[in-house]
Amino acid sequence: MSTAEAASHLRENPFELARAQLRKVGEVFAIDPNLIRILSQCKKAVEVSIPVSMDDGSIEAFNGYRVTHNIARGPSKGGIRYHPDVTLDEVKSLAMWMTWKCALMGLPFGGAKGGVICNPKTLSMGELERLTRRYTSEIINDIGPERDIPAPDVGTDGRVMAWIFDTYSMNKGHSVLGVVTGKPLSVGGSLGREEATARGSLYCIQSLAGKRGMRVDEYSVAIQGFGNVGAHLARLLHGEGAKVVAVSDSRGGVYNPKGIDVPAALAHKQERGTLAGLANAEAVTNDELVELPCDIFAPCALEQVVTEENADRVKAQIICEGANGPVTPSADAILEDRGVLVLPDVLANAGGVVVSYFEWVQGLQEYFWREEEVNAKLHDIVARAFEETWAAQERYATSMRMAAYGLAVQRVAEATTTRGLYP
Ligand code: NAD
């Protein structure tokens, strides 16, 4: 682990930030304070110890979490993060945002999230598999197709989802396709799932461009993070003719004001595992990337990259939150004053959970759709959510974030009221 990676990306407590956002939504949308009190808490948080036999013969005990924020609208859904900086409060905040995201998209899910404190980059394949299978065993009574359905997040991918699927299925004695999404196609994954988060971001950018009488190919974009979300977003935007001026991974970024050769960047990353040394581009740090001149800045890595310290130096006029929670509430206020439009996480990166929903439905029905069908249905849902958020933003004279969270919280509050408080 490099020194740069050793310092946590979390400058403020993310769960406190998420709760403060919720209280503000409650005020702006006049939601019953009793409901806000219920929604400020997570329904369940499980903490587990995960002993793993390491390749050198030693045993490491890792810590893991699985948190369900709310199930008023259906089973809970949310990714699993493998990262050294994972904390319980981070997982709780991500679980809460998942509740809002699923509600905004109109999906029959509540919100959840999981995490294991580990550095997957330093684990061998065998260690990663043993860690994943033991973690799955420790939370096996908490997950399931009707209960809580995990998916990939930072540091996890289709291979990890396949191990979760297999471990759960082995214990049940039959294949349970609906237990996890983001699976490889060979074991019941959905066409279009891998790039779905980025595709949803693209649809939001296209919708916004339409509102402003612009086309996507007129925009320049800087993208932070070159994993599932960032790399696919770079590829899709490049394909639409946008100028991608900068991309980065955890070790830093590369910048060319005339445009990065995105296919070359993808190949370079694939071959060398890093973006450093990409031809025809100058090196920039992840901090510098936030402040580069461009039309759209798309943070697609971790939380809290735009804060009150750098918000006034952001040059982009649009921020597209591919990541969850990359802009802090205090930065939000500064950006709003400066007229920077933020496409909020619960809208801009919801494509992933939408196609995860499709994967879950296909798995339950054991009937799989064509990729064009998946993308068309994804477009319907994301474009509708964008229009609803846009209309709410105008109606309440507020930001896109407040509008998106407001619509979502209203929907969850309504489901809670309709069901009634048990007992
Ligand atoms: P990933 O692990 O595939 O990629 C993460 C990328 O961020 C990598 O390129 C990594 O090098 C980079 N990174 C890590 N630490 C960094 C740092 N300190 N500074 C800059 N870059 C850093 O993860 P992902 O699935 O692409 O997720 C990225 C973000 O998108 C997360 O916030 C995640 O919660 C969110 N998200 C993901 C999905 C999904 O479907 N995968 C869906 C919705 C939201």
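Does threonine 197 count as buried or exposed, and at what relative accessibility? Select threonine 197, which lies in helix α7 (residues 196-211), and the answer is that it counts as buried because its relative accessibility is 9%; buried here means under 20% relative accessible area, exposed over 50%, and partly exposed in between, with a 1.4 Å probe and protein chains only.

Before going further, note that this is a predicted model, in which local features need pLDDT of at least 70 and side-chain atom pairs count only at pLDDT 80 or more, while totals for chains, interfaces and linings use all residues. Residues are numbered from 1 along each chain as its sequence is written, and side-chain values use heavy atoms, with hydrogens and water left out.

Staying on threonine 197, display its contacts (heavy atoms within 4.5 Å): leaving aside residues up to four places away in sequence, it touches Asn228, Val229, Ala348, Asn349, Gly351 and Gly352.

Next, select helix α6, residues 158-172; helices are DSSP runs of H or I with at least four residues, strands are E runs of at least two, and both are numbered from the N terminus. The end C-alpha atoms of α6 are 21 Å apart, which agrees with the 21 Å that its 15 residues should span at 1.5 Å a residue, the expected span being 1.5 Å times one less than the number of residues. Among the buried residues of α6 are Trp163, Phe165 and Tyr168, and what covers the buried residues includes β3 (76-83), α5 (125-138) and β5 (148-152).

Select arginine 66 and aspartate 148, whose closest N and O atoms are 2.7 Å apart. This pair links distant parts of the chain, with arginine 66 in strand β2 (residues 59-70) and aspartate 148 in strand β5, 82 residues apart. Arginine 66 counts as buried at 2% relative accessibility, and aspartate 148 is buried with a relative accessible area of 1%.

In helix α5, select glutamate 129 and arginine 133, which are separated by about one helical turn because they are four residues apart; their salt bridge has its closest N and O atoms 2.9 Å apart. Glutamate 129 is partly exposed at 27%, as arginine 133 is at 24%.

Finally, select Arg81, Glu90, Lys113, Asp153 and Glu303, which are linked in a network of salt bridges.

Technical notes: A salt bridge is a side-chain nitrogen of Lys or Arg within 4 Å of a carboxyl oxygen of Asp or Glu.
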